[in-house]
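Let's take a walk through this fold, strand by strand and helix by helix. Have the sequence and the model open side by side.

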Amino acid sequence: MDSRAPQSPAQPDKAQAEAALATLRVWMAGATDQDLLRLGPGIAAMLGHNSPALSRDYPDEFRPDAAYKASMPDLQNGPSSLIVGAKATIQHVGISNFRLPIRYRTRSGGEITLETSVTGTVSLEAGKKGINMSRIMRSFYAHSERQFSFGVAEAALEDYKRDLDSFDARIQLKLSWPQKVESLRSGLSGWQYYDLSLELLDQGGLRRRVMHLDYVYSSTCPCSLELSEHAREVRGQLATPHSQRSVARISAEVLDGERLWFEDLIDLARRAVVTETQVMVKREDEQAFAELNAANPIFVEDAARSFCEALRQDPRIGDFRVIASHQESLHSHDAVSLLTEGPLFAAQSLDPTLFASLIHRG
């Protein structure tokens, strides 16, 4: 397969341009008003023809036939001579936050339909003007009725790689996953919502699946805890350690042939850092949570390494990344950490808004 960018057509010279204009004028002499409208009123005026009167009434009954559709301009698929700026390869071009309902299977054997935000992109070669972005959306609608989660992404990716004639593609499905959790001591239960994403990467024929989870927990500062106990013991001074809502974004590659449920990744995060924020709380639960935090004080470095240890122990997971943000109640700034394993998530440069995006909005 020849992967080189196609050669751009030669720039026409003045004589060729004059010949083309002469041909166009001959054609326009016998053209109807409808023909001129299809050509474009701006072009007609440029060549000295009066534009036909334009109707201001919306034509409810008009239905384009095949010939009309074929006559419609398509700038996105135009020749490379229409490219604006550098004729450079674009690694990702497509759509973001296209929403539709998609069905997901649960670990217990049921299924749930959730509103899902889709980001779909493909690569664009240097010699191509653009892509028809609506094809990405049509691919999802074609498969969302009969597929589940990664299956929808796989089928849609196959479709639009073929339709758009692209080498590389990426699809990401973003959703809010509901799961009922019990309180610590009162026996109450409530719905916890987890920001989750599924990502399907296809680069150079190599396909990889990634799952992302934002896990929200409480972090009690070990140093502050010790200093508070020191004040109590040495001076009889009441003091409380500071703790704060914290967010970890866990990204895990799901190895070929393996199935990692959403619930599995959530359970993994809970085992690594047990102080998940609570939903339903009575006084006995609040006391229990204070005790749980005191039994598990954690720096942001500790959090990253705890998640790392749990991810390493799961044989279904390949490369991974952990980003943690402890949104300090002591300082006016946050404490952050980033840990990666494997080349998939390795990066020298970071998005300037990366850590700022780790905010749990409830």
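**Starting from a strand pair**

β5 and β6 run antiparallel to each other, paired over twelve bridges. Strands here are DSSP E runs of at least two residues, helices are H or I runs of at least four, and both are numbered from the N terminus; two strands pair if DSSP finds at least two bridges between them. Within this pair, V216 sits opposite V247 in β6.

A quick note on what you're looking at: this is a predicted model, where local features need pLDDT of at least 70 and side-chain atom pairs count only at pLDDT 80 or more, while totals for chains, interfaces and linings use all residues. Residues are numbered from 1 along each chain as its sequence is written, and side-chain values use heavy atoms, with hydrogens and water left out.

Now zoom out. The pair belongs to an open sheet of eight strands, ordered β1-β2-β3-β4-β5-β6-β7-β8, with antiparallel pairing. β1 (90–105) and β8 (335–341) are the edge strands; each has a single partner, so one side of each is left without a neighbour in the sheet. From one strand to the next, the twist averages 15° (axes are lines fitted to C-alpha atoms, for helices over the stretch in contact, and angles run from 0 to 180 degrees between N-to-C directions).

Next, the helices on the sheet. Helix α6 (residues 149–164) packs on it, touching β1, β2, β3, β4 and β5, and its direction makes about 165° with that of β3. Helix α8 (residues 262–272) lies across β1, β3, β4, β5, β6 and β7, at about 65° to β3.

Back in β6 (residues 243–254), have a look at S246. Is S246 buried or exposed? S246 is buried, at a relative accessible area of 0% (buried means under 20%, exposed over 50%, partly exposed in between, with a 1.4 Å probe and protein chains only). Leaving aside neighbours within four places in sequence, S246 is in contact (heavy atoms within 4.5 Å) with residues including Y215, V216, Y217 and S219. The side chains of S246 and S219 also make a polar contact at 2.6 Å; that term means a pair of N or O atoms within 3.5 Å, where, within protein, one must be able to donate a hydrogen and the other to accept it, and residues adjacent in sequence count only if both atoms are side-chain atoms.

Finally, turn to α9, whose buried residues are D285, A288, F289 and N293. β5 (206–220) is part of what covers them. On the other side of α9, R283 and A295 are exposed.
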